[in-house]
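Thanks for coming, everyone. Let me put the model up, and then we can walk through it.

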Amino acid sequence: MVRSLCAVHTRIMIAELARFRLGRVLLHLVAMLGDRAVRFHAAGIARELSWVAAATVLLTQARTRLVDALALYLAQPVKRFSASTAADTQSLSAMLRHGDVLLTEGNTRMAALVRGITRSPWAHVSMYVGPLEAGPDPRCIVEADVAAGVRAVALSEFTGLRVRVLRPTGLHETDRRRLADWVVSRIGAEYDLAHAWALARWLLRLPLASRLSPVPSTMAQGATRFVCSSLLAQAFVLIGYPILPAGIGARDAWAAHYRYVTPRDFESAPVFEVVRATQVG
């Protein structure tokens, strides 16, 4: 009698559990412990959890769209510069050498944010890599753009902007070529918006700011996402020419890493000499 009552209660409990998706998953898991039909029960669990996978895909797509929309918003220009007394791009191109670093103030919403957070007139950093194509205005500058990712642009993209050209001192032409080649090899990589956000929180000393964990050089060489400063700083690290963040004290010694470098740090780095400071027209 007792056994029959237990069997009835068990059947009732199973029936109640089977009414709910999570209950059916639990039943499959329990059944897997009692028989060898693992594949059958695994397939049943996968069917029951298909909605989770679908919801995850939808959330991922929504997040991607939001991130893309934010990147496009930040990439929009906020003001135009006049080039009344500007130097022409041809004269600037004539004096540039492989591996030269170009600091610019920028004219986008992202640039305005960077200038405000870093308290510097320089919001963007890029590298001269030599002409990548024929023509009067070839792509010859590699940068990490918030919307387009790592890309090559022509000098005409800097028309109307203040530009400061920094040249690494003590480098042989071979090292300059290695710098340029490595940066060019990263064209097509994505912009690391999460890194930019974490770096901003660290610079602002926000309570929830997280540390940007150092990345071993072997892993860094395979990195696929960058911000403008980390792209160039990493290139210099890989040839043994590190750019250290400014104002790093003893308590922040862990932050002396290329992932903490900002455009302003290139201006203050002792390993560069100012070749030219001008406005491009």
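Some ground rules. This is a predicted model, so local features need pLDDT of at least 70, side-chain atom pairs count only at pLDDT 80 or more, and totals for chains, interfaces and linings use all residues. Residues are numbered from 1 along each chain as its sequence is written, and side-chain values use heavy atoms, with hydrogens and water left out.

The overall picture next. The protein has 11 helices and 8 strands. Those are DSSP runs numbered from the N terminus: helices are H or I with at least four residues, strands are E with at least two. Of its 281 residues, 40% count as buried. Buried means under 20% relative accessible area, exposed means over 50%, and partly exposed is in between, with a 1.4 Å probe and protein chains only. Take contacts, meaning heavy atoms within 4.5 Å. Among those between residues at least 6 apart in sequence, 71% join residues at least 24 apart.

Now the inside. The largest nonpolar core holds 42 residues. A core here is a set of buried Ala, Val, Leu, Ile, Met, Phe, Trp, Tyr and Cys residues joined through side-chain atoms within 4.5 Å. V101, Y191, L231, F236, F266 and F272 touch the most other members. Helix α10, residues 228–238, gives the most to this core, with 6 residues. Another core lies apart from it, with 13 residues, among them L92, M95, L102 and F158.

Back to α10. In this helix, 9 of the 11 residues are buried, so α10 is largely enclosed by the rest of the structure. The buried ones include L231, L232 and F236.

Next, strand β1, residues 101–104. V101 and L103 point one way, L102 and T104 the other, and all are buried. β1 pairs with β2, residues 124–128, in the antiparallel sense over 4 bridges. Pairing requires that DSSP finds at least two bridges between the strands. T104 stands opposite H124 in β2. β1 also pairs antiparallel with β5, residues 162–168, again over 4 bridges. There, the bridge partner of V101 is L166. Leaving out residues up to four places away in sequence, V101 touches several others, including V125, R164, L232 and F266.

On to charges. The whole structure has 10 salt bridges. The criterion is a side-chain nitrogen of Lys or Arg within 4 Å of a carboxyl oxygen of Asp or Glu. Where do R162 and E105 sit? R162 is in β5, and E105 is in the loop between β1 and α6, 57 residues apart. Their closest N and O atoms are 3.3 Å apart. R162 is partly exposed, at 36% relative accessible area, whereas E105 is buried, at 9%.

E267 and R164 meet in a salt bridge at 2.6 Å, N to O. E267 lies in helix α11 and R164 in β5, so the pair ties together parts that are 103 residues apart in sequence. R151 forms a salt bridge with D145, with 3.6 Å between the closest N and O atoms. R97, E173 and R177 are linked in a network of salt bridges.

Last, L206. This residue is found in the loop between α8 and α9. L206 is partly exposed, with a relative accessible area of 36%. Questions, please.
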